[in-house]
Amino acid sequence: MSNFVSVTSDGGVAVVTIDNPPVNALSFHVREPLMQALVSLRDEPDVAAIVIACAGRTFVAGADITEFGKPVQQPDLRAIIAVLETIAKPTIAAIHGTALGGGLELALGCHFRIADAGARLGLPEVKLGLLPGGGGTVRLPRLVGPLKALSMIVSGTPIDASEALAAGLVDAGFDGDPIAHAVRFAAEMAERGPLTPVRDRDGRLEQAELPEFDRQAAELAKKARGLEAPIACAQSVRNAITLPFEAALSAERELFAKLVAGDQSRAQRHLFFAEREAAKVAGKDVIRRKIARVGVIGAGTMGGGIAMAFANGGFPVTLMETSREALERGLTTIDKNYAVSVSRGSLSEEAKQQRVGLFKASTNYADLADCDLIVEAVFEEMAVKKEVFSRLDAVARPDAILATNTSYLDVNEIAASTSRPQNVVGMHFFSPANVMKLVEVVRAEKAAPDALATIADLVRRIGKVPVVVGVCHGFVGNRMLTARGAESEALLLEGATPQQIDRVFADFGWPMGPFQMGDLAGLDIGWRNRKARGQTAVIADALCEQGHFGQKTGRGFYLYENGSRTPAPNPEVEALIRDKAADKGIAPRAIGADEIIERTLYPMINEGAKILEEGIAARASDIDVVWVNGYGFPVGKGGPMFWASLEGVDKIIGRLDHWHERTGKDIFRVTPLLRQMAASGSWEGAAS
Ligand code: T1G
């Protein structure tokens, strides 16, 4: 047979085992021998049933994403499933680990599916800007019903084995060796009566569900924010209800072909691999330190969220505050946050109790002595940070890793305030830290490689996305945000309104624009930081001096009536902008959407190129991962550096030169790497 597909026999049951580490992707070198095996076993009279199973840690986790965008080598997955459905003896998929995308579609081509209790099953193609292209949108609704299929396929979120059993997606569960269970199951099925391929099971495709289906599809479409894949997914599942099987299958094929060739899927596939590259900090030869208990200092908004992130990841957490009141306040907020998740049904009461049970609260530094990692999340002031780190230096175990959650301050200076700078790194979480996926792991100059590698792996283990960044003001994300922020204010003075600019960002695909985001995060954070650096933002500073910090004070760039989160125009701000512009002798003029994009996003890309030149980020794709996971940059555009290639680097340079000439502002001065990128088409070869 081949290294990737082997066939064994157990009594009359043939077992086809796929072995293509690390995740048994259905690469061409798997598909070809798999097809041969199925054809020969179909026609083999001594074979009473066929089991498809996988070696290693998981069942098939999908088609091979690296093959997309290249000419398809036959047999493709559809051809293999078509053969599967011609087999007149029981075929069983024995699922362990994950059955995702093409892997679940292969299983849907079998008569039966059995799953290990810990298995997860799903069609996550939408997260790659695609839809299931191997018949998943046509076969899954036949098993679980159109509404369940719609939510599974449009969300792309896998379900666990018990939910799959309840939904009719799998026929039996098991614990232990998938092959042994599958062979027993297969032998039983071989005794049973007629077999019905999934394609012929129309029972659950009740036309009656269409009105509710369309209502739910419309709701989901509203959340798509310009992404094509969610819409195509819903359309294809609808076809399964309204069209004959083959017609629905070919409609799915057309939709898939369109999406896989599109920029959005290219962008989202770029991000899939970029996230995995960003996490590769050091080779497997660097021994990671053991992290069993985590300490968090500061139970405020960030500290509380960080403590929850670790508890959600299963880690015992010691949460420390200087006063009992502050500690109680922090614990109350944490409990409230968990209660909200329980009330929304995204967390069970039992899981809540289990997580809360992981917390140990303290007002005593000595209680941090048994922690392997201690994360500091106190007030963003250097003197306060240094005082905390010198106290930590006295109590923490010599090999413990000390991390600061600073979002702007010099991590090298903080590290130097201890006797163990090799064990000090930055862990810059994003608010709310229990929700936001990004963690900028700051590589302080003396940080030991194993400390960095340990932290990057740990961030992945708690379900977040690590990106290693160097030390500079604002690291990667906030540094580029500053370039964008300054110009957003300038556009206001020249005639644009907060609503207009936020509208342009929403149309671009952002969850919200800079002014709505400022109001949500709290304008006082940026204000305090500007004051610390002697910088100004005339409009935002003026609002803050009046105590208007955004949502939390009901007034900022927008008005928020009675605690609502819905922004309403704030006439006082428009008057304030006019006054400040008049003070500066700036006459308002009409400003178009293109100019807003050019003057806010193009400087970000230029700043990103400088960041690469300085080696603050190792790869352009790391910058994309930061912006997509930390600042809501639209996934369908792949992040600022990937988007630059879609937008056209020559065009970007042309407009930056234009605005530099007109304004003389440094943010528009094109940096050498950007010109080099225009010439070479690659961000590689940055100076440092
Ligand atoms: N194709 C190619 N490489 C893949 C891959 C795939 N489907 N899945 C993972 N890898 C690589 C990954 O890049 C990494 O490589 C290594 O495997 C380990 O992955 C026709 C259109 C399965 C939950 O979207 O979600 O089927 O960095 O670090 O954290 O309808 O991988 O080591 O060199 O992520 O344990 C649909 C994608 C495809 C699932 C395991 N399937 N994979 O997570 O390991 S489209 C997916 C995952 C499709 C059909 C369509 C996760 C995982 P490297 P990892 P992990």
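How far from an oxygen atom of the ligand does a polar side-chain atom of Arg276 lie? The distance between a polar side-chain atom of Arg276 and an oxygen atom of the ligand is 2.6 Å. The structure is a predicted model, in which local features need pLDDT of at least 70 and side-chain atom pairs count only at pLDDT 80 or more, whereas totals for chains, interfaces and linings use all residues. Residues are numbered from 1 along each chain as its sequence is written, and side-chain values use heavy atoms, with hydrogens and water left out.

Around the ligand there are 27 residues, and the closest are Arg57, Gly102, Glu105, Glu125 and Arg276; here a residue is near a molecule or strand if one of its heavy atoms lies within 4 Å of it.

The next element is an open sheet of three strands, ordered β5-β7-β8 with mixed pairing. Strands (E, at least two residues) and helices (H or I, at least four residues) are DSSP runs numbered from the N terminus, and two strands pair if DSSP finds at least two bridges between them. Because β5 (98–100) and β8 (159–160) are at the edges with a single partner strand each, one side of each has no neighbour in the sheet. Strand β7 (residues 120–122) pairs with β8 in the antiparallel sense over two bridges, and Leu121 stands opposite Ile159 in β8.

Five of its five residues are buried, so β16 is largely enclosed by the rest of the structure; buried means under 20% relative accessible area, exposed over 50%, and partly exposed in between, with a 1.4 Å probe and protein chains only. In a regular strand the side chains alternate between the two faces of the sheet. Both faces of β16 are covered, with Leu438, Glu440 and Val442 buried on one side and Val439 and Val441 buried on the other. Strand β15 (residues 424–429) runs antiparallel to β16 and is joined to it by four bridges, whereas strand β17 (residues 465–469) pairs with β16 in the parallel sense over five bridges. Val442 takes part in both pairings: Gly426 stands opposite Val442, and the bridge partner of Val442 in β17 is Val469.

Helix α18 (residues 477–493) contains Arg484. The 17 residues of α18 should span 24 Å at 1.5 Å a residue, and its end C-alpha atoms are 25 Å apart, which agrees; the expected span is 1.5 Å times one less than the number of residues. Gly495, which follows α18, has a positive phi near 135 degrees. Is Arg484 buried or exposed? With a relative accessible area of 6%, Arg484 is buried. Leaving aside neighbours within four places in sequence, Arg484 is in contact (heavy atoms within 4.5 Å) with Phe505, Trp510, Pro514, Thr600, Leu601, Met604 and Trp627.

Helix α24 (residues 593–613) has 21 residues that should span 30 Å at 1.5 Å a residue, and its end C-alpha atoms are 30 Å apart, which agrees. This helix is mostly covered, with 19 of its 21 residues buried, and just after it Gly615 takes a positive phi of about 75 degrees. Glu598 lies in α24 and counts as buried because its relative accessibility is 10%. The side chain of Glu598 makes polar contacts with the side chains of Arg655, at 2.9 Å, and Trp659, at 2.8 Å. A polar contact is a pair of N or O atoms within 3.5 Å; within protein, one must be able to donate a hydrogen and the other to accept it, and residues adjacent in sequence count only if both atoms are side-chain atoms.

The nonpolar cores complete the picture, each being a set of buried Ala, Val, Leu, Ile, Met, Phe, Trp, Tyr and Cys residues joined through side-chain atoms within 4.5 Å. In the largest, which has 115 residues, Phe310, Leu373, Met427, Phe557, Leu674 and Trp683 touch the most other members. To this core α24 gives the most, with nine residues. Another core, of 67 residues, lies apart from it and includes Val126, Met152, Val198 and Cys233.
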